[in-house]
Amino acid sequence: MTDKLIIFDTTLRDGEQSPGASMTKDEKVRIAKALERLKVDVIEAGFPAASVGDFEGVKAVAQAVRESTICALARAVDGDIDRSAEALKAAKSARIHTFIATSPIHMQMKLCMSPDQVVERAVAAVKRARRYTDNVEFSPEDAGRSESDFLCRIIEAVIDAGASTINIPDTVGYNLPDRFGRLILELRERIPNADKAIFSVHCHNDLGLAVANSLSAVLNGARQVECTINGLGERAGNAALEEIVMAVRTRQDIFPCDVTLDTTQILNCSRLVSTITGFPVQPNKAIVGANAFAHESGIHQDGILKSRETYEIMRAEDVGWHTNKMVLGKHSGRSAFRAHLKGLNIEFTSEEELNAAFSRFKELADKKHEIYDEDLQALVSDSVSTEREHLKLVSLKVCSETGETPHAKITLNIQGVEKSSHARGSGPVDATFKAIESLVQSHVTLLVYSVNNVTNGTDSQGEVGVRLEKGGRVVNGQGADTDIVIASAKAYLNALNKITSPTERQHPQNTPL
Ligand code: KIV
Ligand code: ZN
């Protein structure tokens with residue numbers, strides 16, 4: 001019998017902490033439902049004490065998901081723990097994850113607390129969380145730079161206090177695989193009550209070693225890995241879920257444990273997270289990159305045709321890749337549209353949302369005769385995101401001609417009032433953004449602008465991503481259309497809608513008052 005490796009996804013919490021990756025409540029629910037279909041064991045849905053929006057996000061996920069355990073993060077203070085418990089009330093299976101820093105540098109410089117005080121606070125936090133649930137996880141933050149004697153002391157105390165999962169974070173991505181694996185083994189061997197808890201790891205990717213460190217920990221007895229879809233996360237990100245899962249699955253000759261995920265859902269999750277956050281997936285990214293299963297060279301293609309195993313260690317279908325198939329056309333009706341989306345696990349929360357998506361589908365089918373699953377996914381994201389925006393695109397006319405300065409005329413609906421403007425620019429996209437700015441006067445800085453084709457061919461939809469910054473706040477916006485200038489306008493407006501909405505949120509790793 002092989003052990004179970006618990007997959008704890010933190011895309012909605014640690015992933016969301018990457019600058020510009022913040023998500024709305026509805027977006028969080030969509031991702032959480034996709035993670036549930038992937039059969040992720042635990043979903044860390046957020047940090048409820050951060051803001052009212054974060055609290056509502058965790059609450060909505062706890063209500064929507066039935067098959068995965070929903071976890072909320074709390075600093076080791078009563079207020080955070082009580083707030084987490086409140087947000088998790090509707091969950092079928094709930095976990096509270098509390099943490100406090102244990103490295104000398106964090107205890108001295110950030111917390112200004114002595115090691116004794118830190119142990120006392122950790123024990124009190126676990127006991128308080130146990131008042132609400134018997135599923136309590138404790139993390140000694142910056143464990144990767146903490147002294148192992150102190151880790152042994154605090155972990156023994158929190159297990160006695162009732163923690164059933166002990167997570168060892170390499171918060172700053174400082175560790176190397178061999179050393180990190182040995183740390184896990186040492187803790188498991190030295191802590192007298194270690195057998196009363198599951199050991200977990202949470203690795204950051206600052207040295208590009210998050211997945212390697214996590215796998216080394218698994219080989220040394222860790223039975224939970226914390227990870228994110230596409231490796232999303234602060235700075236260089238967290239360990240990528242798809243890489244951990246497929247490494248363990250593919251190398252069953254090495255790992256004494258296995259995951260219980262439905263790996264065919266991996267690509268769906270990857271695309272959804274990329275579309276919602278606006279963080280593109282690099283083409284050569286393992287498992288989910290566009291080239292991950294593409295065989296360019298003649299020798300490889302020849303080998304693959306003779307026997308797939310010559311160059312492929314995994315089956316593309318096992319992670320959700322399939323060859324592009326036309327799925328709907330301009331004569332498809334509403335019920336075929338709804339039924340097909342249901343097959344893609346895309347459901348609508350209201351009839352209005354379905355109607356908006358269906359009319360966008362009809363517009364698209366007029367321009368592009370063959371509609372693929374990828375088109376539908378992009379189109380639905382577009383329809384959902386335009387519903388609640390206070391800046392909406394009404395019309396856009398762009399003129400681009402050799403030897404002439406491009407210009408754009410745009411009409412926006414700004415909080416119910418239509419306004420138009422005209423601008424010139426160095427190209428049609430530049431002219432469009434300038435026309436928008438002359439109406440909105442947001443004074444944002446454009447940090448990133450990218451265009452990707454959704455499917456193959458020149459009739460493909462272009463998916464545009466923009467990243468805007470204002471006063472230190474960074475947001476991403478996305479838009480899709482067969483006309484990439486219109487897609488650009490949609491993406492810019494999508495980001496402006498986010499940047500002008502008020503948010504006041506705390507970072508979980510800030511010291512509590
Ligand atoms: O990286 C980290 O230490 C964390 C903790 C809050 C678990 O994200
Ligand atoms: Zn982290």
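Predicted model: local features only at pLDDT ≥ 70, side-chain atom pairs only at ≥ 80, totals over all residues.
## Residues around ligand 1

The shell around ligand 1 consists of R13, D14, H97, F99, S139, E141, P169, T171, H202, H204 and Q509. By class, two of the shell residues are nonpolar, six are polar and three are charged.

## Polar contacts and burial

The side chain of R13 has an N or O atom 2.9 Å from an oxygen atom of ligand 1. For the side chain of D14, the corresponding distance between an N or O atom and a ligand oxygen is 3.1 Å. Q509 places a polar side-chain atom 3.5 Å from an oxygen atom of ligand 1.

Ligand 1 exposes 260 Å² when taken alone, and the protein buries 100% of that area. The largest cavity is the space that ligand 1 takes. Two elements, strand 5 (94-101) and strand 6 (136-141), each give two or more residues to the shell around this ligand.

## The zinc site

The zinc ion, ligand 2, has D14 (OD), H202 (NE2) and H204 (NE2) as its protein donors, at 2.0 to 2.1 Å. Along the chain, these donors follow the spacing D-x187-H-x1-H. D14 sits in the loop between strand 2 (6-9) and helix 1 (25-37), whereas H202 belongs to strand 8 (residues 198-203), so this pair ties together parts 188 residues apart in sequence.

The zinc donors D14, H202 and H204 are also listed among the residues surrounding ligand 1.

Methods. Residues numbered from 1 in each chain as written. Chains lettered and ligands numbered in written order. Heavy atoms only, no water. Near = heavy atom within 4 Å. Polar contact = N/O pair within 3.5 Å; in protein donor to acceptor, adjacent residues only side chain to side chain. Areas by Shrake-Rupley, 256 points an atom, 1.4 Å probe, with all protein chains shown as cover. 1 Å grid on protein atoms, 1.4 Å probe; cavity = no way out; pocket = protein on both sides within 12 Å on 5 of 7 lines; lining within 4 Å. Sits in = over half its atoms within 2 Å of the grid points. Helix = DSSP H or I, 4+ residues; strand = E, 2+ residues; numbered from the N terminus. Nonpolar A, V, L, I, M, F, W, Y, C, P; charged D, E, K, R; others polar. Donors = N, O, S within 2.8 Å, 3.2 Å for Na, K, Ca; no water.
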